Amino acid sequence: MKWRYPVLVVPKLPANGMALFPFILVKEASSKFDEVIICHEIIHLRQQIELLVLPFYFFYLINYLYNRTIFNNHHEAYMNIVFEREAYANDAFPDYLKHRKLFSWIRYFKN
């Protein structure tokens with residue numbers, strides 16, 4: 001499958017995948033063809049575009065730091081970042097972005 005965004009292999013990446021607009025970074029070459037990982041990262045790229053890129057990283061970090069005050073570990077804090085919640089909830093659906101509304105990540109704030 002051909003992606004609209006360049007996918008780069010970065011062996012020392014601390015995660016399986018990462019979106020740094022306009023690139024998708026993956027740890028292993030085989031991940032370039034993993035539709036779930038790529039879809040997950042493309043969702044993040046769309047979120048980044050919505051927030052004009054730099055504010056995305058600011059809000060991502062603030063949300064993570066806030067979550068760290070609530071949860072006692074990195075993994076739970078990371079999994080509860082609103083941007084991650086949207087991406088994980090929809091990364092198995094290749095057509096998600098075709099129907100996604102702007103700022104859909106807002107719905108993933110917990111009450």
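The model is predicted, so local features are described at a pLDDT of at least 70 and side-chain atom pairs at pLDDT 80 or more, whereas totals for chains, interfaces and linings use all residues. Residues are numbered from 1 along each chain as its sequence is written, and side-chain values rest on heavy atoms, with hydrogens and water left out.

Three strands form an open sheet in the order E1-E3-E2, with mixed pairing; strands (E, at least two residues) and helices (H or I, at least four) are DSSP runs, numbered from the N terminus, and two strands pair if DSSP finds at least two bridges between them. E1 and E2 are the edge strands, each pairing on one side only. On average, neighbouring strands of this sheet are turned by 25 degrees against each other, direction ignored. In general, strands of a sheet pair through backbone hydrogen bonds, either parallel or antiparallel.

Both kinds of pairing are found here. Strand E1 (residues 7–9) runs parallel to strand E3 (residues 23–26), and three bridges join them. Within this pairing, Leu8 has Leu25 of E3 as its bridge partner, and Val7 stands opposite Ile24 in E3. Helix H1 packs on the sheet, where it touches E1, E2 and E3, and the direction of H1 makes about 25 degrees with that of E2. Here contact means heavy atoms within 4.5 Å, while axes are lines fitted to C-alpha atoms, for helices over the stretch in contact, with angles running from 0 to 180 degrees between N-to-C directions. Strand E2 (residues 17–20), for its part, is antiparallel to E3 and is joined to E3 by four bridges. Gly17 is placed opposite Val26 in E3, and two residues lie between E2 and E3 in the hairpin that they form.

H1 has 16 residues and reaches 22 Å from its first C-alpha to its last, close to the 22 Å expected at 1.5 Å a residue; the expected span is 1.5 Å times one less than the number of residues. Twelve of these 16 residues are buried, so H1 is largely enclosed by the rest of the structure. Buried means under 20% relative accessible area, exposed over 50% and partly exposed in between (1.4 Å probe, protein chains only). The buried residues of H1 include Ile37, Ile38, Ile42, Ile43 and Leu45, and also His40, Glu41, His44 and Glu50.

At the start of H1, a side-chain oxygen of Asp34 comes to within 3.0 Å of the backbone nitrogen of Val36. Val36 lies in H1 and counts as partly exposed, at 38% relative accessibility. Leaving aside residues up to four places away in sequence, Val36 touches Asp91 and Ala92. After H1 comes Leu52, whose phi is positive, near 60 degrees.

Further along H1 (residues 35–50) sits Gln47, which counts as buried at 0% relative accessibility. The side chain of Gln47 makes a polar contact of 2.7 Å with the side chain of Glu86; such a contact is a pair of N or O atoms within 3.5 Å, where within protein one must be able to donate a hydrogen and the other to accept it, and residues adjacent in sequence count only if both atoms are side-chain atoms. Residues up to four places away in sequence not counted, Gln47 touches Phe56, Phe83, Glu86, Arg100 and Trp105.

Aromatic residues are the next theme. Rings of Phe, Tyr and Trp (its six-membered ring) pair if their centres lie within 6.5 Å, with planes under 30 degrees apart counted as stacked, over 60 as edge-to-face and the rest as tilted. The count by this rule comes to nine aromatic pairs. In one of them, the ring centres of Phe56 and Tyr60 are 5.6 Å apart and the planes stand at 45 degrees, so this pair is tilted. Phe56 and Tyr60 are four residues apart in helix H2 (residues 54–70), and are therefore separated by about one helical turn. Both residues are buried. One aromatic cluster is formed by Phe56, Tyr57, Tyr60, Phe83, Phe103, Trp105 and Phe109.

Helix H2 also holds Asn63, which is buried with a relative accessible area of 11%. A polar atom of the Asn63 side chain lies 2.7 Å from the backbone nitrogen of Val82. Asn63 touches Asn80, Ile81 and Val82, not counting residues up to four places away in sequence.
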